[in-house]
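Subject: Handover of a structure

Dear colleague,

Please find the structure below. I would be grateful if you kept it open while reading the notes that follow.

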Amino acid sequence: MTGGVGLLEVRAGSRLRFDGLDWSVAGIEPQFGRVLLRSEDGRAERRSFRWLMQHPDCRVLAAIPVATTAERQPPTWGDLTEAQQTKARLRAAHLLEAETGYRSGDPRLVEPGEPREAYDPDHTTLSQRRQAKVAELKALGRDEAAALGLDHISERTLKRMAAAWRRDGLLGCADGRWLRESGGRRSVSEEVREAIFAVQKETVDRSRMSMRSRERLIHQYVRAKFGPEVKIPDYDTLKAVWRKWFGPGGARQRYVRSAEQVETSTARMVVHRPGQVVALDTTVLPVKARESVFGGPVSAHLTLALDCYSHSLVAFRLTLVSDTSVDVAMLLREVMMPLPMRAGWIEDMEWPYPGVPATVVAQLAGHRAAALPFVTPETVTTDHGGPYKSHHLVEAERTLGCNVLPARTLRPTYKQAVERTFGGIRSLLFEVLPGYTGVDVADRGADPERDAVLTLEAMEHLIATWIVKVWQNRRLGEYAPAWGPGEEHSPNTLFAAAMNQGGFALQIPKPELYYRLLPPHYVKIHARRGVKVGGLWYGKDHPALRERWDQPLARGGRHKGKWVIRSDRRDRRTVFFQDPADAEVWHVLRWNGLPPEEEVPAFSSATADALLSEARSRGVSPHSDADLLPVLLELLGGTAQTVLRVRGGRAVRLPVLTAPPAPRLPRGRSRSLRPACLRATSPRPPGRRPRRAAARTAPTVLGRRLPWLSAIRRVPRYGR
């Protein structure tokens, strides 16, 4: 595995496993889009790249994570605390200095005074640099070396760290004791741990104070939030924990604050190949569009991914609302996948690049590929927008093997290529479309909302067609490569020239890459309800959860004792659970409120939040999520709902009766005075006069009677 996690690099000598057997790649036939595989018993088979990409059980043997127990999920970067992540970066700097002679690992990113005499790669060997690093770390103070976990360093340790770095990146440089199954200081409870981190975060911006003052702040925090019954360790224990987590604290306070800030490199980067640097940015689409044919005019957001070498628009995404980290993560996944040909596209818009025939790419992807490059991004440069700074997107970029290179704050010139691309698309395409809003309110037309005629679907198809047909073949007037400053090139010709010079790597994204790019949720398994993600419960009857709800989890670190569930915020009907026994297997957990047979339209996290708010405003406290289905259908389309269900390959429209909206109670009114339509109707005993509420018929949904509030008053309020 030389690429990032999620990429399957096929080369001669690679060992694969699928269908329970081990295979080795004996040869590659790129002209036919297939490989020659040989099993352990000598049997030979030929398989296409498309077959390997779509096989659900194909994996590289070297990439299989080795778990200490059968019920331990592989650790992630998010399991480390901020202090441990900082230590892992420092450990990586020491390792890279011993391996390459430079703390950054790159001779082009030289720090002042590098390379040092003992680590000069031109005058020392790898073995000599490792010996020098061992002597240097042993000469440090005991506390300094112990803080990094390098107090018992040796050449063998550096070799193991180098192998872990090549396999897992920064996570491989983390001390294995940080994520062990058990251990630590028993006297430091979760409450005390929270207090220590809260005090450290608060004291960073204060003047320097002693450990005695920090101890008093820790006592004050614990007593104010958790009460006097929580036991707090003594001063010596707190001091040892503080030094272990945050270092000895001998630096000046102004330097400590400076170290907490993220600094970007000011070095100039020269791009030499496609995919080396991919720039991402989002802007408001300057054209009003309609959400549907009969919908009103809306504003959309356009996100672009620009290859800085060839200036190719390798991917784009059009969203109705501002993009989220999930949208950007899926955009990076689309950068690595070939764009399929669409209806109405002519033959000239098919894959034209030399070196790799279109038939090979079609077999690789499973469809005809359009004339748009697909690359594996090495470095991703972004601005400081909310979605790009989120922990989820940074983790997704690390999963893909990308380096994150943020631009300086309020400096658009640091990513001028993508900014200029937005201006070029606006002047070449958007200005001639009906509904164009201009670059300023003063330049806007009389009524651009009235002029909007294109739907979002038509707008997305138009932009894709224009990129493949016009932008990729348009001459770049002010840009030329270093090896041909006087030549004229287009994005397609630059990419073709790069393929002739350096070749083209067929790196296939693995099928489970989609799940790894979704945001994680750390939850516990409930015996009867399953797992709770975003206020909704999932997988109550799934066997993967029933087998593990009462079993202890060996995960350590920040989320000790919790399971990882990943969800797509754009579709909250399902979540995904990674099997701890086999990291390549993912289980789909359905929402408990979904009916067993009928299909419900997809709904996002915003709709789920509105559903919970509406349920609380009505005073509904359901026994299960199935009681929320009528409220959801009412939010999605009103009381006259229709649900599409596929039968035998054709869509059948099924009518669904939803409950009428329940009246809200006046403020201060007692629960016992609720309207009769909200109280449960029970059978009348013989001889008893019927009440008015008994004459009312409770509404039904999908053939079932709704459980009302009075029957489940003992259940706590839902969603809290």
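The second largest pocket receives the most lining residues from helix 20 (residues 605-618), which gives three. Helices (H or I, at least four residues) and strands (E, at least two) are DSSP runs, numbered from the N terminus. Please note that this is a predicted model, in which local features need pLDDT of at least 70 and side-chain atom pairs count only at pLDDT 80 or more, while totals for chains, interfaces and linings use all residues. Residues are numbered from 1 along each chain as its sequence is written, and side-chain values use heavy atoms, with hydrogens and water left out.

The volume of this second largest pocket is about 560 Å³. A pocket is an open set of points on a 1 Å grid over the protein atoms alone, where a 1.4 Å probe fits, with protein on both sides within 12 Å along at least five of seven lines; lining residues have an atom within 4 Å of a point. The volume is the space filled by probe spheres set on the points, which are joined across faces, edges and corners. Of the 15 lining residues, V321, R569, R570, F603 and S604 are the closest to the pocket centre. The lining comprises five nonpolar, six polar and four charged residues; Ala, Val, Leu, Ile, Met, Phe, Trp, Tyr, Cys and Pro count as nonpolar, Asp, Glu, Lys and Arg as charged, and the others, Gly among them, as polar.

An open sheet is formed by four strands in the order 15-18-19-20, with antiparallel pairing. Two strands pair if DSSP finds at least two bridges between them. At the edges are strand 15 (520-523) and strand 20 (586-590), each of which pairs on one side only. Five antiparallel bridges link strand 19 (residues 571-578) to strand 20, and F577 stands opposite H587 in strand 20.

In helix 11 (residues 358-365), the buried residues (under 20% relative accessible area, with a 1.4 Å probe and protein chains only; exposed is over 50%, partly exposed in between) are V360, V361, L364 and A365. They lie on the same side of helix 11, because they cover an arc of only 125° around the axis, taken from the directions from the helix axis to the C-beta atoms. Just after helix 11, G366 has a positive phi of about 85°.

Finally, L36 belongs to strand 4 (residues 34-39) and is buried, at a relative accessible area of 16%.

Yours sincerely
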